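Here is a model to go through in questions and answers. Each answer ends on the value or name asked for.

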Amino acid sequence: MQQYPLAPPPSLDEIRSDGAAALFLDFDGTLVDIAPTHNAIEVPADLSRDLEYLSSRLEGRLALVSGRSLEDLASHIGELAIAQAGSHGADSRLADGSRIGAEPRTMPLEAVEQLKALVEGDDGPSLEIKTHGAAVHYRARPEIEDEVIAAASEIAARHGLAVKRGKCVIELLADTRNKGNAVHSLMAEAPFVGSRPIFIGDDFTDEDGFAAVKDFGGLGILVGGSRETLACYRLESPHEVHRWLGLEIE
Ligand SMILES: O=P(O)(O)OC[C@H]1O[C@H](O[C@H]2O[C@H](CO)[C@@H](O)[C@H](O)[C@H]2O)[C@H](O)[C@@H](O)[C@@H]1O
């Protein structure tokens, strides 16, 4: 693990001057600011257009890698002609929409019912039912973290489900793939193959991405406050990520 404080990364142009680079971009907390609920995010007006433009500058070597499902991502940014991996890396697609790897496994209904029972009541956590999993959010009541984690982990163990921990959230998925698997899958395909990958992300699930890019001589960029990480550089906020990527800032 890298010791902090981490320096800001060299410019994208500087990295590109050494050879072909590829960008792997997390979504929540990296391209958009964290919001009180999963549906309350504010997506900058030009983000979709800017990502397509950036992808074309990189000759298609740009991918979004999110914990959200691809359907959920599309509901916020539209159907973009760029590579994307959703559901924490379980559902990877090339820019033309073709899937790489097996179709993601879906959650057993019984587990979903048990999670619904867990969030019952006005003051408890909330449930986000996702295409390939379910997320229990406790951002509104961080003090209940320990009990939520214990109860959701127990349901995961009962059904043999994978657990992902994030910012005020615990997610359960039947599919065990992660963001690092998505990086490996995409790096084996044109136009990514042979390039130097850069993974930018803010959350613990992004550590799998930071680890994966090292396998290709690449580098990770952590977004947000300092912590122990496999990333070797840091940017302070999504605003700084946009600036570093050369996207327009409103
Ligand atoms: O991998 P990401 O693109 O970063 O997605 C991770 C999860 O992001 C969302 O939850 C997080 O963002 C919400 C909106 O800002 C916030 O309210 C929540 O507390 C965060 O955990 C999303 O709801 C999840 O489905 C994603 O897996």
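Q: Which side chain makes a polar contact with the side chain of Asp26, and how long is the contact?
A: The model is predicted. In it, the side chain of Asp26 pairs with the side chain of Lys179. The distance of this polar contact to Lys179 is 2.9 Å.

Q: Is Asp26 buried or exposed?
A: Asp26 sits in the loop between strand 1 (21-25) and helix 2. Residues that touch Asp26 include Leu31, Val65, Ile200 and Asp206, not counting residues up to four places away in sequence. Buried means under 20% relative accessible area. Asp26 has 4%, so it is buried.

Q: On how wide an arc do the buried residues of helix 6 lie?
A: The buried residues of helix 6 are Lys179, Gly180, Ala182, Val183, Leu186 and Met187. They share the same side of helix 6, because the arc they cover around the axis is only 160°.

Q: Which side-chain oxygen reaches the backbone nitrogen of Gly180?
A: The place to look is the start of helix 6. There a side-chain oxygen comes to within 2.8 Å of the backbone nitrogen of Gly180. That oxygen belongs to Asn178.

Q: Is Val193 buried or exposed?
A: Val193 lies in the loop between helix 6 (179-187) and strand 10 (196-201). Not counting residues up to four places away in sequence, Val193 touches Met187 and Ala188. Exposed means over 50% relative accessible area. Val193 has 51%, so it is exposed.

Q: How far apart in space are Val193 and His137, C-alpha to C-alpha?
A: In sequence, Val193 and His137 are 56 residues apart. In space, C-alpha to C-alpha, they are 37 Å apart.

Q: Which strand gives the largest share of the lining of the largest pocket?
A: The largest pocket holds about 540 Å³ of space. Strand 6 (126-129), strand 8 (162-166) and strand 9 (169-173) each supply at least two residues of its lining. The largest share is three residues, and it comes from strand 8.

Q: How many residues of the lining of the largest pocket are charged?
A: The largest pocket is lined by 33 residues. Nearest its centre lie His38, Glu128, His137, Lys167 and Val169. The lining divides into nine nonpolar residues, 10 polar and, as charged, 14.

Q: Is Cys168 buried, partly exposed or exposed?
A: Cys168 is in the loop between strand 8 and strand 9. Its phi is near 55°, a positive value in a residue other than glycine. Buried would need under 20% relative accessible area. Cys168 has 21%, so it counts as partly exposed.

Q: What is the relative accessible area of Ser87?
A: Ser87 is in the loop between strand 3 and strand 4. Its phi is positive, near 50°, in a residue other than glycine. Ser87 is buried, with a relative accessible area of 3%.

Q: Which side chain is joined to that of Gln114 by a polar contact of 2.7 Å?
A: Gln114 is in helix 4 (residues 109-118). At 19% relative accessible area, Gln114 is buried. Leaving aside neighbours within four places in sequence, Gln114 is in contact with Ile155, Arg158 and His159. The polar contact of 2.7 Å is with the side chain of His159.

Technical notes
Residues are numbered from 1 along each chain as its sequence is written. This is a predicted model: local features need pLDDT of at least 70, side-chain atom pairs count only at pLDDT 80 or more; totals for chains, interfaces and linings use all residues. Side-chain values use heavy atoms; hydrogens and water are left out. On a 1 Å grid over the protein atoms alone, a cavity is a set of points where a 1.4 Å probe fits but cannot get out, and a pocket is an open set with protein on both sides within 12 Å along at least five of seven lines; lining residues have an atom within 4 Å of a point. Grid points are joined across faces, edges and corners, and a volume is the space filled by probe spheres set on the points. Helices (H or I, at least four residues) and strands (E, at least two) are DSSP runs, numbered from the N terminus. Ala, Val, Leu, Ile, Met, Phe, Trp, Tyr, Cys and Pro count as nonpolar, Asp, Glu, Lys and Arg as charged, and the others, Gly among them, as polar. Buried means under 20% relative accessible area, exposed over 50%, partly exposed in between (1.4 Å probe, protein chains only). Contact means heavy atoms within 4.5 Å. The arc is that of the directions from the helix axis to the C-beta atoms. A polar contact is a pair of N or O atoms within 3.5 Å; within protein, one must be able to donate a hydrogen and the other to accept it, and residues adjacent in sequence count only if both atoms are side-chain atoms.
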